[in-house]
Amino acid sequence: MPNAGRSSSVVELDEALAVVQDGATVGIGGAITAGHPMALVRALARRGVRDLTVVAPVAGMEVDLLIAAGCVKRVVGCYVGTEVVSAVGPIFRRAVEEGRVEVVDLDEAHCVVGLRAAGHRLPFMPWRGGVGTSFPQLNPTLVEFDDPIRGEPLLAIPAIELDVALIYAEVSDAYGNAQAVGTAHMDVLLGSAAKDVVIQVDRVVTTEEIRRNPDRTMFWAGASVVHAPFGTHPSSNGWMTADEQHLRDFAAAAKAGEEAIAEYLRINVHEPADHAAYLEAVGIRRITSLLV
Amino acid sequence: MEPASINELFAILLVRDMRPGDRTIQVGANMPMARAAAVMANLSTHPDARILIGLGVQGLGDGAEPPAVHPFLFDPRTLAAESLMFQSRIFDDMSRPDVFFVGGLQLDQRGNINLFGIPDGQGGWKMRGPGSIGLATMSAHCTGYYIVMPSHSPRTFVERVDLISALGDRTERERLKLPGGGIRLVLSPLGVFDFDDAGDMRVRSLHEGITVDELREATGFELVIPDDVPVTAAPTDDELRLLREQVDVHGTLK
């Protein structure tokens with residue numbers, strides 16, 4: 001039989017994001033100031049998708065940005081902030097206090113086992129951390145039960161099933177064999193919990209290059225690959241620090257109010273025609289100053 | 001030598017209290033003083049420990065280059081390490097974390113921590129915090145944890161927290177069979193605290209220049225105060241030199 005040839009998974013950014021519908025449950029990879037697929041996040045914000053449930057296990061400004069752009073109904077996770085820049089994500093905080101965005105509180109380990117339960121096709125996984133805390137009161141999907149083996153009090157953490165996972169990896173080949181170099185965070189679990197996966201990468205490499213470190217490879221059938229170099233900015237990747245000044249400017253705009261944040265969105269989300277235009281707006285001097 | 005900043009004092013007090021059996025010292029988000037303490041302990045009293053900071057696992061006892069203290073936990077420079085650790089794996093070995101560090105919006109008399117925020121009583125939020133990160137899990141399992149409170153006022157030291165992110169209450173921990181050892185110390189800008197046999201917060205020492213009256217005024221509940229309250233021993237020049245010259249080389253804690 002003739003070999004039909006292997007199909008490329010590399011697609012244009014907007015085409016890849018067509019899988020994200022209004023009302024979808026979307027997992028976003030990375031952690032706090034690191035490894036977020038920000039080029040994908042900005043494109044979602046630009047498109048103006050609505051009513052998302054965002055599962056951002058250890059979130060930073062990506063959640064603030066999507067809330068500011070009016071895309072978010074609910075945030076599922078364990079943290080939204082940028083540490084020394086903003087102890088609490090300022091837009092998240094205001095939206096939650098004003099009742100515009102709902103929070104589903106989880107412990108960081110609940111995110112891990114909940115995503116794992118989805119990957120395992122189980123309704124829940126047991127966990128001990130959170131017993132005796134306010135978690136079950138705040139988030140009634142967490143159910144206290146007595147373990148049937150030893151009779152100890154535990155929590156049932158329900159499966160976190162995702163429509164789409166947006167993940168950053170440094171490289172992928174054309175077939176979706178992706179390798180995160182030092183930025184795996186919770187991403188592999190997000191991918192396994194999702195029906196569709198979009199992987200943002202700095203470089204599309206040959207499969208020969210992937211085969212040199214096969215133990216690093218993550219893959220999900222049907223995943224698409226988007227080429228967006230430096231696309232984690234302003235979060236870090238494995239060789240570029242977070243852009244602390246950019247994060248501070250964003251936090252200042254968020255605190256200053258609607259007009260300042262609209263201006264931020266105009267410059268960084270709406271005006272740049274594509275990812276390259278965003279990088280031009282940030283500037284080559286700023287980008288190169290972040291390389292480690 | 002220039003006197004210690006409060007974060008430098010916190011780092012030094014944390015190192016002083018670590019126990020000989022502490023083999024794994026793990027640091028979470030937004031606690032640069034704990035990152036410094038982990039590195040400092042590894043370079044001095046705990047050469048056999050592994051320290052988990054950001055993405056990297058380090059053992060500095062063999063003379064390896066210490067990682068700098070960066071403003072963000074997951075700085076890519078923490079990748080220069082002997083092993084890497086990600087959230088998807090970090091909870092797979094819950095018998096190992098010996099030491100962890102916790103901060104909070106509110107801390108109560110029984111040692112419970114709230115990092116969720118302050119509810120408005122109608123299903124919404126009067127003040128929304130960042131979320132509890134991994135506090136519930138780490139505080140349940142680690143051999144011992146330290147609470148570092150950057151502010152000490154009746155709003156942060158409260159009789160009863162509005163919500164519990166990390167269960168400190170010794171009686172409740174025993175009833176629920178939590179495996180970890182619970183709170184070791186509480187550090188605040190005013191002093192050092194632990195818990196008495198009944199599980200109520202007790203003063204261990206007050207920092208230089210702080211009076212018992214100031215402490216009472218700043219605390220939203222009745223602390224257990226011994227007759228003689230010692231002054232927190234000041235950082236030595238050796239401690240400050242190690243901290244500033246080898247650990248916090250960028251002055252993040254200044």
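Helix α1 (residues 6-17) of chain B packs against helix α7 (residues 237-247) of chain B at an angle of about 110°, and their axes are 11 Å apart. That makes α1(B) roughly perpendicular to α7(B) (a label for angles of 65 to 115 degrees). Axes here are lines fitted to C-alpha atoms over the stretch in contact, with angles running from 0 to 180 degrees between N-to-C directions. Helices are DSSP runs of H or I with at least four residues, and strands are E runs of at least two, numbered from the N terminus.

Which residues meet? Glu8(B), Ala11(B) and Ile12(B) in α1(B) meet Glu239(B), Leu240(B) and Leu243(B) in α7(B). Contact requires C-beta atoms, placed from the backbone, within 7 Å.

## Chain B as a whole

Chain B has seven helices and 14 strands. Its C-alpha atoms fill a box of roughly 50 × 45 × 30 Å along the principal axes. Of the 254 residues in chain B, 53% are buried (20 or more other C-beta atoms within 10 Å of the residue's own, placed from the backbone). Among contacts in chain B with a separation of 6 or more, 68% join residues 24 or more positions apart.

## Where the chains touch

Chain A brings 50 residues into contact with 39 residues of chain B. Elements giving two or more residues to this side of chain A are α4 (90-97), α5 (108-120), α6 (135-138) and α7 (187-192) of chain A.

## Reading the model

Residues are numbered from 1 along each chain as its sequence is written, and chains are lettered from A and ligands numbered from 1 in the order written. In this predicted model, local features need pLDDT of at least 70 and side-chain atom pairs count only at pLDDT 80 or more, while totals for chains, interfaces and linings use all residues.

How values were computed: A residue is buried if 20 or more other C-beta atoms lie within 10 Å of its own, exposed if 12 or fewer, and partly exposed in between; C-beta atoms are placed from the backbone. Two residues are in contact if their C-beta atoms, placed from the backbone, lie within 7 Å. Angles under 35 degrees count as roughly parallel, over 145 as roughly antiparallel, 65 to 115 as roughly perpendicular and the rest as oblique.
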